[in-house]
Amino acid sequence: QKEVEQNSGPLSVPEGAIASLNCTYSDRGSQSFFWYRQYSGKSPELIMFIYSNGDKEDGRFTAQLNKASQYVSLLIRDSQPSDSATYLCAVNESPGNTPLVFGKGTRLSVIA
Amino acid sequence: KAGVTQTPRYLIKTRGQQVTLSCSPISGHRSVSWYQQTPGQGLQFLFEYFSETQRNKGNFPGRFSGRQFSNSRSEMNVSTLELGDSALYLCASSSPTGGGNIQYFGAGTRLSVL
């Protein structure tokens, strides 16, 4: 059973701080890793994807991947109240041919 | 480019009825995946269609079925509805990239079973 684990939260951070969201996965064969943001009552929206070990930065967001530790994280710098949402981690075993496995998400609350 | 379109957005049904949900993928995307999202279970994979063929299937009973048409539009059907089928049903379309299969979600269909 392939599993993706996330702390359900809520994770509360003050406005302007760095929010750190973590995700672990069970399948060592996993190749692709995604972070989605989901606002209450809305559908998931892709924020970032990462395929290689290390860091990948996009604006205020940084994804970090450590395949040896089976760990992927998302850092949000200068957190804003508009970042308050549930963040879903998703993992794909091999490119294109297997379904994404989602964690249950971490609820982030940014306090103004 | 238009996004993933799901219809209807909301549905109310009673136990025992059946329901059909529709999904139109992003133009050029040939893969369509369906998910069920509930507060307790999160996002659970139902099935994936690619070029009119079911390529992957999750662990749902046979009451849940789907199909894909030649224009890549997809439908999913749930027969003999149960109260526990109340959920947000999400469709995602994807196209292979260099390293993975990036999925883009529609707005979802919220199904309430009474």
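Where does A:G16 sit in chain A? A:G16 is in the loop between β2 (11-14) and β3 (19-25) of chain A, with strands being DSSP runs of E of at least two residues, helices runs of H or I of at least four, and both numbered from the N terminus. Bear in mind that this is a predicted model, where local features need pLDDT of at least 70, side-chain atom pairs count only at pLDDT 80 or more, and totals for chains, interfaces and linings use all residues. As for bookkeeping, residues are numbered from 1 along each chain as its sequence is written, chains are lettered from A and ligands numbered from 1 in the order in which they are written, and side-chain values use heavy atoms, with hydrogens and water left out.

- A:G16 counts as partly exposed because its relative accessible area is 42% (buried is under 20%, exposed over 50%, partly exposed in between, using a 1.4 Å probe and protein chains only).
- Setting aside neighbours within four places in sequence, A:G16 is in contact with A:D78 and A:S79 (contact means heavy atoms within 4.5 Å).
- A:G16 and A:R77 are 61 residues apart in sequence, yet their C-alpha atoms are 7.2 Å apart in space.
- A:K67 belongs to the loop between β7 (61-66) and β8 (71-76) of chain A, and its 25% relative accessibility is why it counts as partly exposed.
- Not counting residues up to four places away in sequence, A:K67 touches several residues, including A:Y25, A:F33 and A:N53.

**Nonpolar cores**
- The largest nonpolar core has 23 residues, and A:W35, A:V72, A:L74, A:I76 and A:Y87 touch the most other members (a core is a set of buried Ala, Val, Leu, Ile, Met, Phe, Trp, Tyr and Cys residues joined through side-chain atoms within 4.5 Å).
- Strands that each supply at least two residues of this core include β9 (85-92) and β11 (106-111) of chain A.
- Another core, of 21 residues, lies apart from it, with B:L21, B:F64, B:C91 and B:V113 among them.

**Where chain A meets chain B**
- Chain A puts 19 residues into the contact and chain B puts in 20 residues.
- Between them the chains bury about 1,600 Å², 56% of it on carbon and sulfur atoms (buried area is the accessible area, 1.4 Å probe, that two parts lose on being put together, summed over both).
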